[in-house]
Amino acid sequence: MNKKQFKVFKELFIATTNFYWEYKIGTPPFVVYKDYNNKIKENLISLTDEDIKKHLKGKKILGITPFSSDDKVKWCCVDIDIHYKKGEEPSIEQQQIDEKKAKEDMKKLYFHFKKEGYTVIVDTCDEKGWHIYILQRDSDAKQVRYYLKKILNELFGNQDEHERSEEHT
């Protein structure tokens, strides 16, 4: 990633540098700058360009916030993953069907938001899932959440889990 691309990435995704999560393998995520009671911790460092570069290279796992203020967000994200219940071992055929359906769902969302005029970026979050980022400029967080719930309900109904085709359950 060159300097110009890095600058664009920061402008699009880094809403604040004083609140983020850092994940370390084998431990729960921890908040780096504020604790869970939203109290500022002293003597802790802000997110740096070096942290972000390490994250983009896969050398550091970070979680960043879309909040640019207490009630405004810079972006939102829909996470599409395939998860199986503990102990469930679907056949290879069922996994392929589930992956195809999840990919169709991702495309449906992507094209819906593009049609609505949003800037949309899709990336993989693991080998079988996607993050769909919808970019906006300091939008009201409550309105964004309401809009997302409405769109997801319109496109997928009251679906809390990945639906499987009848013939393969």
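## Basis of the model

Residues are numbered from 1 along each chain as its sequence is written, and side-chain values use heavy atoms, with hydrogens and water left out. Because the model is predicted, local features need pLDDT of at least 70 and side-chain atom pairs count only at pLDDT 80 or more, while totals for chains, interfaces and linings use all residues.

## Salt bridges

With a salt bridge taken as a side-chain nitrogen of Lys or Arg within 4 Å of a carboxyl oxygen of Asp or Glu, the count comes to 4. One of them joins Asp49 to Lys10, with the closest N and O atoms 2.6 Å apart. Asp49 belongs to helix α2 (residues 49-56) and Lys10 to helix α1 (residues 3-13), so the pair ties together parts that are 39 residues apart in sequence; helices here are DSSP runs of H or I with at least four residues, strands runs of E with at least two, numbered from the N terminus.

Within helix α3 (residues 92-115), Asp105 and Lys101 lie 4 residues apart, about one turn of the helix, and their side chains meet in a salt bridge at 2.7 Å, N to O. Asp105 is buried at 8% relative accessibility, whereas Lys101 is partly exposed at 24% (buried means under 20% relative accessible area, exposed over 50%, partly exposed in between, with a 1.4 Å probe and protein chains only).

## Surroundings of Gly63

Gly63, in strand β3 (residues 61-64), is buried, with a relative accessible area of 13%. Leaving aside residues up to four places away in sequence, Gly63 touches Tyr20, Trp21 and Tyr23, contact meaning heavy atoms within 4.5 Å.
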